[in-house]
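Let's take a walk through a protein model together, one piece at a time. Have the structure open beside you as you read.

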Protein chains: 4
Amino acid sequence: MMLERYALSPMRELWSPEAQYERWLRVELAALAALEGLGVVPAGTTAEVRARARIDVGRIREIERDIGHDLLAFLWALEEEVGAAGRWIHYGLTSSDVKDTALSLLLRDALGIVLDKAGALAEALREFAERHRETPMVGRTHGQYAEPTTLGLKALCWWAELGRDIARLERAREAISVGKLAGAVGTYPYFPPEAEERALAELGLAPARPTTQVIPRDRYADVLFALAQTGSLVEKVALEVRHLSRSEVAEVAEGRPEGSSAMPHKRNPILSERLCGLARLLRATVSPALEDNALWHERDMSHSSVERIILPQAFILVDYMLVKCRELIRSLRVYPERMLGRILDSRGIVFSEGLLLALVRAGLSRRAAHAHVARLVAEAERAGRDLKEIALGDATVRERLTPEEIEGIFDLRTTLREVGRIFASAPGGPQGRTRSEK
Amino acid sequence: MMLERYALSPMRELWSPEAQYERWLRVELAALAALEGLGVVPAGTTAEVRARARIDVGRIREIERDIGHDLLAFLWALEEEVGAAGRWIHYGLTSSDVKDTALSLLLRDALGIVLDKAGALAEALREFAERHRETPMVGRTHGQYAEPTTLGLKALCWWAELGRDIARLERAREAISVGKLAGAVGTYPYFPPEAEERALAELGLAPARPTTQVIPRDRYADVLFALAQTGSLVEKVALEVRHLSRSEVAEVAEGRPEGSSAMPHKRNPILSERLCGLARLLRATVSPALEDNALWHERDMSHSSVERIILPQAFILVDYMLVKCRELIRSLRVYPERMLGRILDSRGIVFSEGLLLALVRAGLSRRAAHAHVARLVAEAERAGRDLKEIALGDATVRERLTPEEIEGIFDLRTTLREVGRIFASAPGGPQGRTRSEK
Amino acid sequence: MMLERYALSPMRELWSPEAQYERWLRVELAALAALEGLGVVPAGTTAEVRARARIDVGRIREIERDIGHDLLAFLWALEEEVGAAGRWIHYGLTSSDVKDTALSLLLRDALGIVLDKAGALAEALREFAERHRETPMVGRTHGQYAEPTTLGLKALCWWAELGRDIARLERAREAISVGKLAGAVGTYPYFPPEAEERALAELGLAPARPTTQVIPRDRYADVLFALAQTGSLVEKVALEVRHLSRSEVAEVAEGRPEGSSAMPHKRNPILSERLCGLARLLRATVSPALEDNALWHERDMSHSSVERIILPQAFILVDYMLVKCRELIRSLRVYPERMLGRILDSRGIVFSEGLLLALVRAGLSRRAAHAHVARLVAEAERAGRDLKEIALGDATVRERLTPEEIEGIFDLRTTLREVGRIFASAPGGPQGRTRSEK
Amino acid sequence: MMLERYALSPMRELWSPEAQYERWLRVELAALAALEGLGVVPAGTTAEVRARARIDVGRIREIERDIGHDLLAFLWALEEEVGAAGRWIHYGLTSSDVKDTALSLLLRDALGIVLDKAGALAEALREFAERHRETPMVGRTHGQYAEPTTLGLKALCWWAELGRDIARLERAREAISVGKLAGAVGTYPYFPPEAEERALAELGLAPARPTTQVIPRDRYADVLFALAQTGSLVEKVALEVRHLSRSEVAEVAEGRPEGSSAMPHKRNPILSERLCGLARLLRATVSPALEDNALWHERDMSHSSVERIILPQAFILVDYMLVKCRELIRSLRVYPERMLGRILDSRGIVFSEGLLLALVRAGLSRRAAHAHVARLVAEAERAGRDLKEIALGDATVRERLTPEEIEGIFDLRTTLREVGRIFASAPGGPQGRTRSEK
């Protein structure tokens, strides 16, 4: 309903009723061909069924209204089209054989789309990281100035995490690329295991064996968790944009901020805010997915309505988020001079650790050095002066460090000298990952 | 998208874009009338705007595509229709004034529908409870036979809990029946508090005062929690139906069970299963609703996309669940003779507590009596005999109890004699609640 | 285990095993006295049991290790102490009668503590709000400067929300102030309803009637939700402190920030951060509490282990959060001059709505006025000049507004003139609430 | 607090404060040795520090009460013990370097314990599966008799799923076997990347590179999700035990059921119920773990209190669950004759699909065959007769099938003939998995 607003092509089309019936038919035909190959079904049946089969959504719905069973409605409608050979359709199968196997086809394809979008975002993040590898800015912990970092290093962390998400998505795709044609309780009473193997091979799926009536739902929870983790990375990027674009910081700005009906001066980063909200929705699908796992005996149907809602919701949202996050990054306005200015305006306190360590090297106990530098910082803030100046004029410091040493401590290049090496050695990123997975 | 399957009228219509624009217009007109009443806006403006205002969804969307702000698009489209007087629309307001106040109108009406459906279910539950007040059956704890109860008493518990849910829904409706026309940060800089009071009074809402830019989101979490609790009651009913209709129990059956594509003998209680699944989805909306509460400063927009999804989802699902649960109860097939037979087949063990207490009354320590009755039960099960017979032939028992006393212990009427009184005194049910709330 | 760190007295003691056994004994004695009053139990029994009863935790545990049932172990140990009269203890009761009723006593008392702490926080918030009622600062929406507000108004919103939380906690306390002595499946087969009424009256509880074996778990979910909502208010306060104390903002600071092992200059608002984290844990208890509601038939025991963990966890955490949030607020350092400076440094853009509305009053269409003021703001930012100056020099503006009118638009007192009235009329705050509840 | 009840050795000890300080010291020593190896720190320093270092918990706590920083308190206490060389401890590090790296050591070890317990459960499940490979019982879907299966096949499904959980746990262990010694914002300003590599190699960890101040929290969410999935498998086993041991089914019984204080006849499967409850708690940790991921800038501390609670909780609970689930399975009482009896008592309806398919083979359309068999089943139930007899006497059937063919349809061996093959080919189980992972 309101999900429409976030549904992009081609993700959206995957979830249409028509696409579902097409997948059901694909599974029925693959099963039929397998049985025919084993001689269970008369030669030529599959070809005849394939030739005559036609999805008539209206007719299926009409029958469904009458008998209240969606897959039976599909079968009877199909049998009407196909005629006598149609009696072989669904031979030895139960509804879940068709539905779960078809759902695997859907999830595999949907994950393929998500992986494409994630790959495109990863590329944008890496490009952004490289572009800003040497763009210095204040690093902040606990919302407080910590030490210098670079904008590119932030983005490199996102890129590396997205690489882990891509690996999760790939594993989830592998986990769900299984089918199941084992009958009502998983015992293959009327559909032989060999036929399952043949049919699934044609569909590009592995057997989920052993199963009950259904493919075990732990595999679906993997999928939803991988999507939620991916959403969490997008949230991380978006949260950073929101922080860096707040009025007092203004180090970045969304490319297309939104105005206000009341305040003509507003330029709100609403895309980032929206992405943060959507991540909450993805998170919220994991618990129901896990609740769906422990079913009664060989299967109960309580998972079905849950999946009908959360699967399209999670896929449509994560697809949207990946696309929009890429747009966000690619159109982000960056203000490097303001970033640098913030370091310069910090009175040198972001180098306090360097001073502490120099005093330790010079023989002071760590505790004494820590306390002394804290005092110097307090003095710098009270007096509105630079920590470097304060240090240069401080007896304790000057007894132990030369002016050149003190100057060196407050040199931005020193603290950022390893950034290139971090970029060079960053493991786990999408590209490395993709290669190693092959 | 797949939510469509559960969307019933008139709940469905409440969530349409058209209905939303109508509510926005209602709020704008109420605000305008209030300003006019206070002399801020020229006399006659409201009448003129009301006469000319027309919602043109196509035009609104066109503008929105262009400027990327839904409420501004609505305003500009409206101003195009209204002409010069249209400049007064939205005077002193910010988008959230209109959107949040309009959302309150929606939620109030949606809760009204839910309350109607809950009331109808409560009636059906009470009727079912009365009909089966004296229908004895085995009570089970831990899935094990405990002591006799009646089918009606189960239903009376549901009815009473639904009464508590109705009270929760009513409180949630009260919590959300508030509006807010306090401007960009809640300070009424350009729209006076008196105008808010007048406008909200016309809309039947109270002021949410004090607020930031938005109505605080704790109120919305109340709504979602009340819906989730209501869903939990439906789950409780449906879970009982599933248990009582399993093959080995077969004490009830759904009125319209579903068959199987593979097994012509199946009659599956899929409605109950579906209701259990949907309760999981309702539960899963509470956490995002709570995550939405702590926004940045006077407001950030992260809650917006969350609400766009979970509000219609929760309302549409709970509406469906209440309607279907009522159908379930009204069409439920009940097999009283099988219920009674189960008590008779239990070899009297469901009366073991009566025997224990009789021995205590006769002077045995509780621990000794407990151990002794446990031994007699074990013997009854080993021998396939009735506990009463075993007791009648046991020396320890016979020293302390007469045969008449023993017979009395195993009398079903004794253990159920208070059921009528429970019905008579049940507090907290919908009817009592509704009365006391007035 | 790690929860110890957050456990404060007297909340902590409520959850000890000793306190639990004491409560069990209280319930057993109340039940016994009620039976004696009705003549079911010999006169004098209660007095004798009360005189001899002694909780021997070691002995109880010894028996429990042997028989694996905690309440039976309690009973047998008690019977050992009491002697012959001890056989009447637990007469007509089942374990859940005692445990659930005793749990209600615990939850009622624990909610009492939480309400005390919430009341103390409310007082601190109101005091803080009054103190800073006229402390102007920039209001921010979407992290962007919006319009002026005051620090006190922020706090007034917290105070009002906490008032709603207090009402929720009070309702939860009422919901859980019920007991149940209705036997194994809720039918009162051996313990008469009148005895329940007498015993519960002595304990200060109402009958939960009708029930199954247990008090319905929807009531417990109410408790956990009320705690989670309260935690969410604390999160809201703490989140604001984190934002306002970030280096670029520095409008407030925690009274006792934490340093860093590496960086002697750091003063981190870790209490606020911790409070935000703990709110996540409270949120996470609501879903399991709701999952606990739909039990099998007259009761299954799956809720028990859940409650054993989440109940103490939620109460201990919320108790800690309320105490610490009060400390946070009372020791918060506030920098009013920096707040005011921020408004002055904003180049007047926070008054843009006033200019827009003045142009509307002067006859411009809203759309035209909106676009025009947006252009003036852009010019002000580009030129690094004040919006007021720009406006004074702009032909479109000067044709419609006098210099005096323009000056008035940029007057902080104008936009904050209603703050006093908001304070005066704030409904729903703790004090009003507490009064109306009495 | 109440978690104590579930804490088993050696898992419990891992989470003690003493063990935490030992791990912090291990990390500090590894870092020191690495710096010494690179010549940053004077030769011999590490040996001297190692020789003198002593954890004095009392002293650490005393300092912590004073300065309010746990790691600084640890450092100052250590420096007191070590003397002058102690100033080199923590050189170039920030608190998170030590804490996060030490936490990885803990999580790796804790996962090792969980994997051991999971392996032991897997063995018990496989053994149980093999023992009951040919123990026929009714398979049930939707709580309704479906078709025959075997008890062993149920257990094989659990075993296979546990194999997937083991793989998840192993991947989570790999994901978290990373350390980080990159300084305050991840830029290695004072601790060179080579030193990190050396130190982590000594600890058996890989570099998490790139990082912010902390190891990214997506890795921890992986851990909690893997634990929740494992808990979900235990829930699945326990839920089946609860269903199969309910009074009307009685096909299995817990080895040590619990009695009732009121009803001497009760034998309740409370272990299984408890395991189901605990699974809810594990599920509830995933959402807070995901909320912890998107931190502010280079790090905020909101994740810390969350992890302090959910990490020990999740590990202690899953450890307990795996141990108890193994006990449950190994001591489970199984009643094969009752299982077989249930198939025999089913009037042959569990073979209805076989009859349907035989009619399809004989030329009937599937829809006609389905409807016809459904009628025969209804007749069998109405008349209390066997479906086979009804079929043998039915004209439509007899025109198409010989008596021998009909007899064959109702042969249990036919429907179970593939069970051996399923066992032989079951992929993904723990053994296969463990082998392929090596």
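We begin inside chain B, where α7(B) passes α9(B) in a left-handed crossing. A crossing is called left-handed if the near helix is turned anticlockwise from the far one by less than a right angle, and right-handed if clockwise. The names come from DSSP runs numbered from the N terminus: helices are H or I runs of at least four residues, and strands are E runs of at least two.

Before going further, a word on what you are looking at: this is a predicted model, in which local features need pLDDT of at least 70, side-chain atom pairs count only at pLDDT 80 or more, and totals for chains, interfaces and linings use all residues. Residues are numbered from 1 along each chain as its sequence is written, while chains are lettered from A and ligands numbered from 1 in the order in which they are written.

Back to our pair of helices. The axes of α7 (residues 151–176) and α9 (residues 218–244) of chain B come within 8 Å and cross at roughly 165°. That makes α7(B) roughly antiparallel to α9(B). Here, axes are lines fitted to C-alpha atoms, for helices over the stretch in contact, and angles run from 0 to 180 degrees between N-to-C directions. Angles under 35 degrees count as roughly parallel, over 145 as roughly antiparallel, 65 to 115 as roughly perpendicular and the rest as oblique.

Which residues meet in this pair? Among those in α7(B) are B:Trp158, B:Leu162 and B:Arg168, and those in α9(B) include B:Tyr220, B:Val223 and B:Leu233. The residues of this contact divide into 11 nonpolar, two polar and eight charged. Two residues are in contact if their C-beta atoms, placed from the backbone, lie within 7 Å. As for the classes, Ala, Val, Leu, Ile, Met, Phe, Trp, Tyr, Cys and Pro count as nonpolar, Asp, Glu, Lys and Arg as charged, and the others, Gly among them, as polar.

Now find another pair in chain B. Helix α6 (residues 95–131) and helix α12 (residues 302–330) have axes that come within 9 Å and cross at roughly 20°. That makes α6(B) roughly parallel to α12(B). This crossing, too, is left-handed. B:Ile113, B:Leu121 and B:Phe128 are among the residues that α6(B) brings to the contact, and α12(B) brings residues including B:Phe315, B:Leu322 and B:Ile329. By class, the contact has 15 nonpolar, no polar and four charged residues.

Several alanines take part, including C:Ala30 and C:Ala34 in α2(C) and C:Ala195 in α8(C). Nine nonpolar, one polar and three charged residues make up this contact.

Some backbone details deserve a visit. The peptide bond from B:Ser9 to B:Pro10 is cis, with omega near 0°, and B:Pro10 lies in the segment before α1 (11–14) of chain B. In chain C, the bond from C:Arg209 to C:Pro210 is cis, with omega near -5°; look for C:Pro210 in the loop between β4 (206–207) and α9 (218–244). B:Tyr188 has a positive phi of about 50° although it is not a glycine.

Chain C can be laid on chain D with an RMSD of 0.0 Å by a turn of 180° and a shift of 0.0 Å along the axis. That is the relation of a two-fold axis. Such copies are superposed by least squares on the C-alpha atoms of residues with pLDDT of at least 70 in both.

Finally, how confident is the predictor? pLDDT is its confidence in each residue, from 0 to 100. The mean for chain A is 95, and 97% of its residues reach 70 or more, but pLDDT stays under 50 over residues 428–438 of chain A. Where pLDDT is low, the predicted coordinates should not be read in detail. The model scores ipTM 0.96 and pTM 0.97.

Definitions and conventions:
pLDDT = per-residue confidence, 0-100.
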